[in-house]
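Welcome, and please open the model in your viewer. We will go from one selection to the next and look at what is there.

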Amino acid sequence: MYGWIWRHLPGPSPVRALIALLLVLGVVYVLFQYVFPWAEPLLPFGNVTVDQGAGG
């Protein structure tokens, strides 16, 4: 998959590397701004129960 993306990016290698970096940053931005907030209520990580044991 990464080879296919690399072959389809325009320009010489330094330009391709910059475009690839921008693509990665764009994907990370979309994940943090839209995908993770949407999926967070669907995940069970917020239902944590801490039992107060002996000594507390």
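Helices (H or I, at least four residues) and strands (E, at least two) are DSSP runs, numbered from the N terminus. This is a predicted model, in which local features need pLDDT of at least 70 and side-chain atom pairs count only at pLDDT 80 or more, while totals for chains, interfaces and linings use all residues. Residues are numbered from 1 along each chain as its sequence is written, and side-chain values use heavy atoms, with hydrogens and water left out.

**Select the whole chain.** Of the 56 residues, 4% count as buried (under 20% relative accessible area; exposed is over 50%, partly exposed in between, with a 1.4 Å probe and protein chains only). The accessible surface comes to about 5,200 Å², and 71% of that belongs to carbon and sulfur atoms (Shrake-Rupley method, 1.4 Å probe).

**Select residues 17–36.** An unreviewed UniProt entry annotates residues 17–36 as "transmembrane region"; such annotations may be inferred rather than shown by experiment. The chain here is 100% helix and 0% strand, with 27 Å between the end C-alpha atoms.

**Select Phe32 and Phe36.** How many aromatic pairs does a search of the whole structure find? The search finds one, and Phe32 and Phe36 form it, edge-to-face, at 5.2 Å centre to centre and 90° between the planes. Rings of Phe, Tyr and Trp (its six-membered ring) pair if their centres lie within 6.5 Å; planes under 30 degrees apart are stacked, over 60 edge-to-face, and the rest tilted. The two residues are about one helical turn from each other because they sit four residues apart in helix H2 (residues 13–39). Phe32 is exposed at 54% relative accessible area, whereas Phe36 is partly exposed at 42%.

**Select the largest pocket.** Its lining is Met1, Tyr2, Ile5, Trp6, Leu9, Ala20, Leu23, Val24 and Val27. Helix H1 (2–8) and H2 are the elements that give two or more residues to this lining, and H2 gives the most, with four. A pocket is an open set of points on a 1 Å grid where a 1.4 Å probe fits, with protein on both sides within 12 Å along at least five of seven lines; lining residues have an atom within 4 Å of a point. Colour the lining by residue class: nine are nonpolar, none polar and none charged.

How values were computed: Ala, Val, Leu, Ile, Met, Phe, Trp, Tyr, Cys and Pro count as nonpolar, Asp, Glu, Lys and Arg as charged, and the others, Gly among them, as polar.
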